[in-house]
Amino acid sequence: MNSLHDSTTLCTKRRLFLLFMLNMSDWVCTLALLSTGIFEEANPLMKYIISNPLLGFLVKIAIPLVMILAAVSQLEYSDERQVLLSNRVCLCGVAIYVIINLYHIFCFGFVNLTF
């Protein structure tokens, strides 16, 4: 392994961790906003999943954690091209979840204005 592979692997691991944290904050914020009665889940599939606490935990926390741990364990055996691709895919996921979490922050501001 060379230093580019090692640094990109570390960057990818960090992005995977950040992606997981943003996914968890999306779940928590969604539950909080739904509890106000002002908002409702727009995604029909997630509407069903989020209404069941155990299923919500499995889909938003347990399964992504297992998948991320599996991905991290495979990064060491990946070539540079695979690691770079993984890094870019993670970056896209992080960007999407940042937008979602910013939307939640905006919605929390709306809730504060209405109460």
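Colleague: Let's start with phenylalanine 17: which helix does it lie in?

Modeller: Phenylalanine 17 is in helix α1. Before we go further, keep in mind that this is a predicted model.

Colleague: How far is the C-alpha atom of phenylalanine 17 from that of valine 94?

Modeller: Those two C-alpha atoms are separated by 9.9 Å, while the residues are 77 apart along the chain.

Colleague: OK, on to the inside. Which residues make up the largest nonpolar core?

Modeller: There are 11 residues in that core, among them Leu16, Phe20 and Trp27, then Met46, Ile61, Val83 and Cys90. As for where they come from, α1, α2, α3 and α4 each supply at least two of the core residues.

Colleague: Pick leucine 16, then. What is it in contact with, leaving aside neighbours within four places in sequence?

Modeller: With those neighbours set aside, leucine 16 is in contact with Ile68, Ala71, Val72, Leu75 and Cys90.

Colleague: Switching to charges: how many salt bridges turn up in the whole structure?

Modeller: A search finds three. One of them joins lysine 13 and glutamate 76, where the closest N and O atoms are 2.6 Å apart. That pair links distant parts of the chain, with lysine 13 in helix α1 and glutamate 76 in the loop between α3 and α4, 63 residues away.

Colleague: Are lysine 13 and glutamate 76 buried, exposed or in between?

Modeller: In between. Lysine 13 is partly exposed at 28% relative accessible area, and glutamate 76 is partly exposed too, at 34%.

Colleague: What about the salt bridge of aspartate 26, which partner does it have?

Modeller: Aspartate 26 pairs with lysine 60, at 2.9 Å from N to O. This pair also links distant parts of the chain: aspartate 26 is in helix α1 and lysine 60 in helix α3, 34 residues apart. Aspartate 26 has a relative accessibility of 10%, so it counts as buried. Lysine 60 is buried as well, at 7%.

Colleague: And which side chains meet in the salt bridge at 3.2 Å?

Modeller: Glutamate 40 and lysine 47. Here glutamate 40 is exposed, with 62% relative accessible area, whereas lysine 47 is partly exposed at 38%.

Colleague: Last topic, pockets. What volume does the largest pocket have?

Modeller: About 420 Å³. Its lining has 21 residues, and Asp26 comes up again here: Asp26, Thr30, Glu41, Ile100 and His104 lie nearest the centre.

Colleague: Which helix gives the largest share of that lining?

Modeller: That's α1, with six residues. Still, α1, α2, α3 and α4 each supply at least two.

Colleague: And how does the lining split by class?

Modeller: It has 13 nonpolar residues, four polar ones and four charged ones.

Note on methods. Residues are numbered from 1 along each chain as its sequence is written. This is a predicted model: local features need pLDDT of at least 70, side-chain atom pairs count only at pLDDT 80 or more; totals for chains, interfaces and linings use all residues. Side-chain values use heavy atoms; hydrogens and water are left out. On a 1 Å grid over the protein atoms alone, a cavity is a set of points where a 1.4 Å probe fits but cannot get out, and a pocket is an open set with protein on both sides within 12 Å along at least five of seven lines; lining residues have an atom within 4 Å of a point. Grid points are joined across faces, edges and corners, and a volume is the space filled by probe spheres set on the points. Helices (H or I, at least four residues) and strands (E, at least two) are DSSP runs, numbered from the N terminus. Ala, Val, Leu, Ile, Met, Phe, Trp, Tyr, Cys and Pro count as nonpolar, Asp, Glu, Lys and Arg as charged, and the others, Gly among them, as polar. A nonpolar core is a set of buried Ala, Val, Leu, Ile, Met, Phe, Trp, Tyr and Cys residues joined through side-chain atoms within 4.5 Å. Buried means under 20% relative accessible area, exposed over 50%, partly exposed in between (1.4 Å probe, protein chains only). Contact means heavy atoms within 4.5 Å. A salt bridge is a side-chain nitrogen of Lys or Arg within 4 Å of a carboxyl oxygen of Asp or Glu.
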